[in-house]
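This report concerns the pairing of charged side chains in a predicted model. The sequence and structure are shown below.

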Amino acid sequence: MTIKADNLIWSIGSKPIVNGVSLTVQPGKTLGLLGPNGSGKTSLLRLLTGLRRPHAGQVTLDGTDIATIGRRALARRVAFIEQHATTNANLRVIDVVKLGRFPHQTMFSGWTAADATAVAEALARTGLTDKAEQSWQSLSGGERQRAQLARALAQSPRELILDEPTNHLDVQHQISLLRLVSDLPVTSIIALHDLNHAAMFCDELLVLRAGQVVAAGTPEAVLTRDLLAEVFHVDAHVDASPYHARPHIHFAR
């Protein structure tokens with residue numbers, strides 16, 4: 001296994017935001033994190049990346065508590081794309097992607113051939129090679145999301161964690177980005193709102209409500225009519241898609 005959480009608890013004052021959450025993601029698999037607004041998805045992701053420390057429980061990478069791993073070493077292992085990642089600086093796309101190599105550099109190391117290769121491969125994988133010299137500010141929303149993904153890939157991570165990466169993207173760019181992430185040879189955890197996208201691109205799903213896990217398993221096991229009614233308060237029919245055989249949700253008007 002690569003990433004595992006055991007009984008995570010994190011609160012604001014007396015209010016539990018993440019309440020006893022446990023999960024395991026197998027190497028190379030994609031876990032979709034679902035739940036209504038305020039269910040604790042973003043807080044859980046920040047605990048999994050080490051940006052917040054749990055009040056109880058632990059997160060481990062290959063059995064090692066991430067609290068014992070230095071920040072730079074952890075950044076060489078885990079890449080995190082936040083929901084509203086942006087910059088006001090007038091950087092070129094390639095400069096944004098180069099930021100992903102920071103965890104691999106030291107005070108005395110210069111830019112290396114390995115750094116250049118990692119950046120070039122990240123740009124190529126995200127389809128941004130021909131935009132490398134463009135200003136970040138000139139990019140569309142979908143291109144900016146791909147640039148943030150390229151920056152994360154330049155870290156050469158083994159785990160990739162994304163917080164609602166398809167927000168504000170049109171359908172074409174949503175599908176393109178999720179297909180790209182699902183095809184990467186890394187372990188991924190993605191918080192999503194679109195249940196059909198989660199069914200299409202995730203190997204396993206975990207559903208939160210009020211900070212607690214209410215369902216976990218394959219899309220087929222999790223995305224049931226009863227769960228959709230109980231957690232998301234929608235009436236829907238679920239069947240297998242003729243295009244990819246994964247569950248497809250038909251919402252009632």
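Arg-77 and Glu-159 are both buried in this predicted model. The two residues form a salt bridge, with 2.7 Å between the closest N and O atoms. This pair connects distant parts of the chain, since Arg-77 belongs to helix H2 (residues 71–77) and Glu-159 to strand S7 (residues 159–163), 82 residues apart. Arg-77 and Glu-159 also take part in a network of salt bridges that includes Asp-62 and Arg-158.

Lys-131 and Glu-143 likewise meet through their side chains in a salt bridge, at 3.3 Å from N to O. Here too distant parts of the chain are linked: Lys-131 lies in the loop between helix H4 (113–125) and helix H5 (141–154), Glu-143 lies in helix H5, and twelve residues separate the two. Both Lys-131 and Glu-143 are buried.

A further salt bridge joins Asp-95 to Arg-92, where the closest N and O atoms are 3.0 Å apart. Asp-95 counts as partly exposed because its relative accessible area is 23%, a value between the limits of 20% and 50%. Arg-92 is partly exposed as well, because its relative accessible area is 31%.

| Salt bridge | N to O distance |
|---|---|
| Arg-77 and Glu-159 | 2.7 Å |
| Asp-95 and Arg-92 | 3.0 Å |
| Lys-131 and Glu-143 | 3.3 Å |

The pairs in the table are among the ten salt bridges counted in the model. In general, side chains of opposite charge can pair when their charged atoms come close.

How values were computed:
Residues are numbered from 1 along each chain as its sequence is written. This is a predicted model: local features need pLDDT of at least 70, side-chain atom pairs count only at pLDDT 80 or more; totals for chains, interfaces and linings use all residues. Side-chain values use heavy atoms; hydrogens and water are left out. A salt bridge is a side-chain nitrogen of Lys or Arg within 4 Å of a carboxyl oxygen of Asp or Glu. Helices (H or I, at least four residues) and strands (E, at least two) are DSSP runs, numbered from the N terminus. Buried means under 20% relative accessible area, exposed over 50%, partly exposed in between (1.4 Å probe, protein chains only).
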